[in-house]
Amino acid sequence: MRHNSSGYLTHTFLFCLITAILTGCDSCQRFHVMEGAVWNTTYTIRYSGDRNLDDSIMAVMNRIEMSLSPFNSNSLIARINSNHSMTVDKDIANIMAISQDINRVSAKAFDPTISPLINLWGFGYDGNDVKSFNDSVISSVLKTVGIDGCHIGPDMMIKKKSPSTTFNFSAVTKGYACDEIGRMLRRNGADNYMIEIGGEIALRGNNDRGKTWRIMIDAPIDSIAGHRRLTTVEITDCGIATSGNYRNFKNINGVHIGHTISTVTGRPIQTNTLSATVIAHDCAIADALATACMAMPPDSALSMIESYPGASSLLVTAENDGTIKITATSGFPEYN
C-alpha cells in the first residue's frame with residue numbers, strides 16, 4: 001500500500017471531474033455531449049459516433065427509474081417494498097446479485113435492506129426527518145435487515161427475509177445505470193465514452209482528443225474556497241466511484257451524523273474515513289464497494305479491496321493529529 005499525508009487539509013472530500021488533455025489529435029472522432037438532471041443529481045455523458053443516441057440513453061434511464069427507484073411509488077421496487085408485487089425484472093435480479101456479492105465480501109457491512117433504518121435516521125426515501133425512537137425500535141427494525149436472507153427463484157419471484165423487509169439500492173443504482181448506458185452505447189457502435197451520474201463514472205476507450213480519460217480528484221477545503229486538486233489518474237475501460245459522508249449528513253444535538261448506518265447496531269457509523277474512491281471493472285461494483293468501505297474500519301476496507309478481483313481504491317482518512325492521510329491499494333493507478 002502507498003501512503004501520503006497532507007496536514008493542511010481540514011475538511012476533505014473527493015469530487016470526480018473529467019478533464020481532457022489539451023493537445024492536438026490527428027485521429028479525433030466526433031463526440032456527442034448530453035447533460036441534465038436525474039435522480040436528484042446531475043449527469044454528463046460524452047460518447048463517440050455519427051449517430052445521436054440521446055433518446056436511447058434516456059430510455060435506459062427511464063427503464064432503471066421504473067425498476068429501481070424507491071423514490072418513485074410506481075416503480076417495481078416500490079411495489080415489492082409494499083408487498084404489492086413479488087415478481088422482479090432483470091435489473092432487480094442483476095442488482096440483487098451484485099448487492100449479495102458485496103454483502104458477502106464486506107462481512108455484511110453493505111446491505112441495501114437497511115433502508116428502514118436509513119429512513120429512521122432521516123436519510124431515506126420517505127422524505128422525513130429524524131424520527132423519535134429508542135433502542136427497542138432499532139432492535140425491531142434490525143430483525144428485517146439482511147439481504148443474505150432474500151432469494152430470487154428461477155421463476156423471477158423474490159422471497160424476502162420478512163414481509164417488512166424493504167430494499168433501497170441507491171448505493172449501487174447510479175453505477176449500474178452507468179454500466180447499462182455503456183452497454184447500450186457499445187451495441188450501437190460507440191466504443192469511446194464517459195458516463196458520469198452523480199460522480200459515479202463508467203469509461204471506455206479514449207476521450208475526444210484520442211487520449212486516455214483523465215479523472216481529477218479534488219479536495220476542496222470548504223464550499224466558499226471552492227475545489228482544491230488532490231490528484232489525477234489516467235484510466236479507461238473501467239468504472240470509478242466515490243463514497244463519503246461529507247455531503248449527506250445531519251447535526252443531531254450538536255453531533256455530526258453521517259448517512260452510513262451499521263447493519264449491526266442500527267446506528268450511524270463513526271469512523272475516521274472521510275471518503276473512498278474505488279476503481280473496478282464495472283461501475284456498479286465500484287459504487288457498491290465504495291459504499292462498503294465507508295461502513296468498515298479503514299484497514300478492513302483496504303483488505304477487502306486488495307482481495308477483490310480487478311478492484312483498487314484510494315481512502316482518505318482523518319488522523320488523530322489533525323492531518324489527512326491518503327492510502328492507496330497496490331492496484332490503484334499512479335497519482336500525482
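Is Thr44 buried or exposed, and what is its relative accessible area? Thr44 has a relative accessible area of 17%, so it is buried (buried means under 20% relative accessible area, exposed over 50% and partly exposed in between, with a 1.4 Å probe and protein chains only). The structure is a predicted model, in which local features need pLDDT of at least 70 and side-chain atom pairs count only at pLDDT 80 or more, while totals for chains, interfaces and linings use all residues. Residues are numbered from 1 along each chain as its sequence is written, and side-chain values use heavy atoms, with hydrogens and water left out.

Thr44 belongs to strand β4, residues 41-48 (helices are DSSP runs of H or I with at least four residues, strands are runs of E with at least two, and both are numbered from the N terminus). Leaving aside residues up to four places away in sequence, Thr44 touches Met34, Glu35, Met194, Ile195 and Glu196 (contact means heavy atoms within 4.5 Å).

Eight helices and 16 strands are found in the chain, and 53% of its 336 residues are buried. Of the contacts between residues at least 6 apart in sequence, 63% join residues at least 24 apart.

Two helix pairs can be followed through the model. Helix α1 (residues 54-68) and helix α3 (residues 90-105) have axes that come within 9 Å and cross at roughly 75°. Here, axes are lines fitted to C-alpha atoms, for helices over the stretch in contact, and angles run from 0 to 180 degrees between N-to-C directions. Helices α1 and α3 are therefore roughly perpendicular to each other (65 to 115 degrees; angles under 35 count as roughly parallel, over 145 as roughly antiparallel and the rest as oblique). Arg63, Ser67 and Leu68 of α1 make this contact with Lys90, Asp91, Ile92 and Ile95 of α3. By class, three of these residues are nonpolar, one is polar and three are charged (Ala, Val, Leu, Ile, Met, Phe, Trp, Tyr, Cys and Pro count as nonpolar, Asp, Glu, Lys and Arg as charged, and the others, Gly among them, as polar).

In the second pair, helix α6 (residues 170-187) packs with helix α7 (residues 283-294) at an angle of about 160°, their axes 7 Å apart. Helices α6 and α7 are therefore roughly antiparallel to each other. On the α6 side, the contact includes Ala171, Tyr176 and Cys178, and on the α7 side it includes Cys283, Ala288 and Thr291. Seven nonpolar, three polar and three charged residues make up the contact of α6 with α7.

Aromatic rings come next. A pair of aromatic rings is described by the distance of the centres and the angle of the planes. Rings of Phe, Tyr and Trp (its six-membered ring) pair if their centres lie within 6.5 Å; planes under 30 degrees apart count as stacked, over 60 as edge-to-face and the rest as tilted. The count comes to three aromatic pairs. In one of them, the rings of Phe31 and Trp213 have centres 6.2 Å apart and planes at 70°, so this pair is edge-to-face. Phe31 lies in strand β3 (residues 31-38) and Trp213 in the loop between β8 (200-204) and β9 (214-218), so the pair ties together parts that are 182 residues apart in sequence. Phe31 is buried at 18% relative accessible area, and Trp213 is buried at 2%. Phe332 and Tyr335 also form an edge-to-face pair, 6.3 Å from centre to centre with 75° between the planes; both residues are buried.
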